[in-house]
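Hi,

Here is the model I promised to pass on. Have a look at it first, and then read my notes below.

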Amino acid sequence: MGGKRKKSDGDEAEEAESSMKKSRIKEKKEQLLPSMIKNKEKRSEVHAKLKRQKKLDKRAKAKARDAAVKRALDLGEEPPEKKVPRTIENTREFDETVCRPDDEELFAGNDADEFSSILNQQQTPKILITTCRFNSTRGPAFISELVSVIPNAHYFKRGTYDLKKIVEYAKNKDFTSVIVVHTNRREPDALLIIGVPSGPTAHFKLSKLVLRKDIKNHGTPTSHKPELVLNNFTTRLGHRVGRLIQSLFPQDPEHKGRRVVTFHNQRDFIFFRHHRYIFESKEVKKVESKGKKDKDGKSENVPEHKTVARLQECGPRFTLKLITLQHGTFDTKGGEYEWVHKPEMDTSRRRFFL
């Protein structure tokens, strides 16, 4: 009459789930996190141990992955598929303006745009660099480094001249581009690139400027024409901006100078870097040769040589972000804009325009 009720399958499942929850809570309590420790020395010690353990785990996973690939190759099987991490770049929103290698319309437009005469080496780039009316101390220092980076660039003081008159002067003197460095609160904060004689005009926000003297172990560039690297300009807009940047540099680089100028686009931020490079033959770990043996019958150790590239940054270092792209030369009142960045366009972190 007063016997115990038999447990059903549902009751057993609930008990198992509750016991699992309790064990998880217990594990979390037992795990000592650095944020839970009030003592600074003890907290830093625990944090260092966790960081070291994480590094060891990562190394062990890499070794296991390499061993699995090697075993598969020895057995003649296909190696395991390499995992690609999900990043903001490879999960970007679909953009129909991304350029395709077989886009005939794009290549036909390249032959008819404003930069075709320079990029086809029919005309030599000649750059006029000036400042805004209210200049600062870092402005001329930045301009002197720009002059050393861009071949055939000439600096003219702004004075009281209007920008439209400067553009007219550049047309009469056969300049191909005008660069205006704008400063605010004694710091360069914008860059205006005007194509001469027919445009376009690009307005960039300039940030994270580091001059050559502030770069540790910086190199001194030579006067050779640099090699130009444009990376990740994938859309129609990015392609046009890339050609505008490309028109600032000669199309016949002098490789013996070993200079390279890089404009790398990432998430619509254009990172500028200027390097010198050199190729060297480096001796790596020695391997035993099977055929060669010395007098004592021992195998000789033959050093293995490997060619490596060494880089030295020359500076300056800065970041650009496109604000507007305008048809024709500079005209704030009657100018027609090709593209304007507005705050309401930033609807997602995975939406890019270049």
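A word on naming before the rest: helices (H or I, at least four residues) and strands (E, at least two) are DSSP runs, numbered from the N terminus. Residues are numbered from 1 along each chain as its sequence is written. Bear in mind that this is a predicted model, where local features need pLDDT of at least 70, side-chain atom pairs count only at pLDDT 80 or more, and totals for chains, interfaces and linings use all residues, while side-chain values use heavy atoms, with hydrogens and water left out.

On to the pocket. Strand S3 (177-184), strand S4 (187-195), strand S5 (201-210) and strand S10 (317-326) each give at least two residues to the lining of the largest pocket. By pocket I mean an open set of points on a 1 Å grid over the protein atoms alone, where a 1.4 Å probe fits, with protein on both sides within 12 Å along at least five of seven lines; lining residues have an atom within 4 Å of a point. The volume comes to about 290 Å³, counted as the space filled by probe spheres set on the points, with grid points joined across faces, edges and corners. There are 17 lining residues, and Leu-163, His-182, Leu-192, His-203 and Phe-330 lie nearest the centre. By type, the lining has nine nonpolar, six polar and two charged residues (Ala, Val, Leu, Ile, Met, Phe, Trp, Tyr, Cys and Pro count as nonpolar, Asp, Glu, Lys and Arg as charged, and the others, Gly among them, as polar).

Two cis peptide bonds are worth a look: Gly-199 to Pro-200, with omega about -5°, and Gly-315 to Pro-316, with omega about 0°. Pro-200 sits in the loop between S4 and S5, and Pro-316 in the loop between strand S9 (299-313) and S10.

Asn-217 is not a glycine, yet has a positive phi of about 55°. You'll find Asn-217 in the loop between S5 and strand S6 (227-231), and it is exposed at 62% relative accessibility (exposed is over 50% relative accessible area, buried under 20%, partly exposed in between, with a 1.4 Å probe and protein chains only). Arg-258, also not a glycine, has a positive phi of about 55° too. Its loop runs between helix H7 (236-246) and strand S7 (259-266), and at 31% Arg-258 is partly exposed.

Last, the cysteines. Searching the whole structure turned up zero disulfides (a pair of cysteine sulfur atoms within 2.5 Å). Cys-99 is buried at 19% relative accessible area, and Cys-132 is buried at 9%.

Cheers
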